[in-house]
Amino acid sequence: MSTPVDPRPAPPETDSVLELHRQHMAEMNDASMTVDGTPPDEERDTVQGMLDAIYREHAEPRDGFEPVPFWVAVVFGGLLAWGGFYVGTNNADFRRDVFDRSDLRGVTDGASAAANVPDPDPQTVEELMKIGQQKFAVCANCHKPDGKGDRGQGVPPLDGSEWVVGDKASAARLARIVLYGLSGPIQVGGQSYNGVMPNQGNLMKDYEIAAVLTYVRNSWSNAADKGKPPALTATVVRAARAKEGTRKTNGSQPVSQTELLAIPVDYTDPGATPPPPKDEKKKDEKK
């Protein structure tokens, strides 16, 4: 019995890995290795052809540290050099006393000078009305420019109010209303209002509060101080503030109608009596 002879050529004696596997690759590329039994397409169905498609792909790009453009480095270098030059030529060797002005040590600034100026103290209705007309813009937001108030918002009228010119009008009461604000229901003109009046004691000065109240008492149909000295001056407001002592003017301690009615209409806070007119002073001095 003869030994069968392998018709396939013997693999060449070589150390090349590719040559060693070429025969196996040829067997894998044989038509019998395809799905439908048709001869393989050498450009598409061979293992090498399939691998070629993979070899053609490039690696995915990755973000990295790209080199800084040369012009950017030049610009920033120039800015850095200029900054160093500027600091070096304007620092006066970093001496802490270089900018001290000994010639200005006795001179006060405008704010300090203004702080030493006393507040004005207008004593006539005309002077107070002029200031009060400007300051009333704050009150007009609620009480309206015509002093009619706003019923829908619970804001009582000022024009014809008994608290302003009627039987409940009192300098001590009005000063406290504006200084500390008003909270709770209040009867005005036979109707009840339950709004909240903001305080002005920490926003307006005493003479400004007196001016606003004088303006309200002598505007529209009101004529409380006609032909008379003003009932409200800075002295009256200052005395009311001092009488209340530690009561806060930040809106946390408003007055109520009950508190106001507890103050007699003819009550005057200590120190609220305004100084006599200049003519009377001269008469007293002559006597």
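Analyst: In this predicted model, the structure holds 4 aromatic pairs. One of these is formed by W82 and Y86, whose ring centres lie 5.6 Å apart. The planes of the two rings meet at 25°, and because planes under 30 degrees apart count as stacked, the pair of W82 and Y86 is a stacked one. In general terms, a pair of aromatic rings is described by the distance of the centres and the angle of the planes.

The position of the pair in the sequence can be considered next. Both W82 and Y86 belong to helix α3, which covers residues 70-90. They are 4 residues apart, about one turn of the helix. Their accessibility may also be stated. W82 has a relative accessible area of 55%, and since the cut-off for exposed is over 50%, W82 is exposed. Y86, at 47% relative accessibility, counts as partly exposed.

Ring pairs also occur elsewhere in the chain, where they link F136, Y215 and W220 into a cluster. Helix α5 spans residues 125-143 and helix α7 spans residues 206-217. Within helix α7 is also T214. T214 has 0% relative accessibility and therefore counts as buried. A polar atom of the T214 side chain lies 2.8 Å from the backbone oxygen of A210. Beyond its neighbours within four places in sequence, T214 is in contact with V125, L128, M129, D225 and L232.

Helices α5 and α7 also take part in the lining of the largest pocket, where α5, α6 (171-180), β1 (186-188) and α7 each supply at least two residues. The largest share, 5 residues, comes from α5. The volume of this pocket is about 550 Å³. It is lined by 31 residues, of which H143, P156, L158, I177 and M197 are the closest to its centre. By type, the lining comprises 23 nonpolar and 8 polar residues, and no charged ones.

Along the sequence, their order is α-α-α-α-α-α-β-β-α-α-α-α. The chain has 287 residues, of which 29% count as buried. Among contacts with a separation of 6 or more, 62% are between residues 24 or more positions apart.

Terms used. Residues numbered from 1 in each chain as written. Predicted model: local features only at pLDDT ≥ 70, side-chain atom pairs only at ≥ 80, totals over all residues. Heavy atoms only, no water. 1 Å grid on protein atoms, 1.4 Å probe; cavity = no way out; pocket = protein on both sides within 12 Å on 5 of 7 lines; lining within 4 Å. Points joined across faces, edges and corners; volume = space filled by probe spheres on them. Nonpolar A, V, L, I, M, F, W, Y, C, P; charged D, E, K, R; others polar. Buried < 20%, exposed > 50% of the residue type's maximum accessible area, 1.4 Å probe, protein only. Polar contact = N/O pair within 3.5 Å; in protein donor to acceptor, adjacent residues only side chain to side chain. Contact = heavy atoms within 4.5 Å. Phe/Tyr/Trp six-rings, centres within 6.5 Å; stacked < 30°, edge-to-face > 60°.
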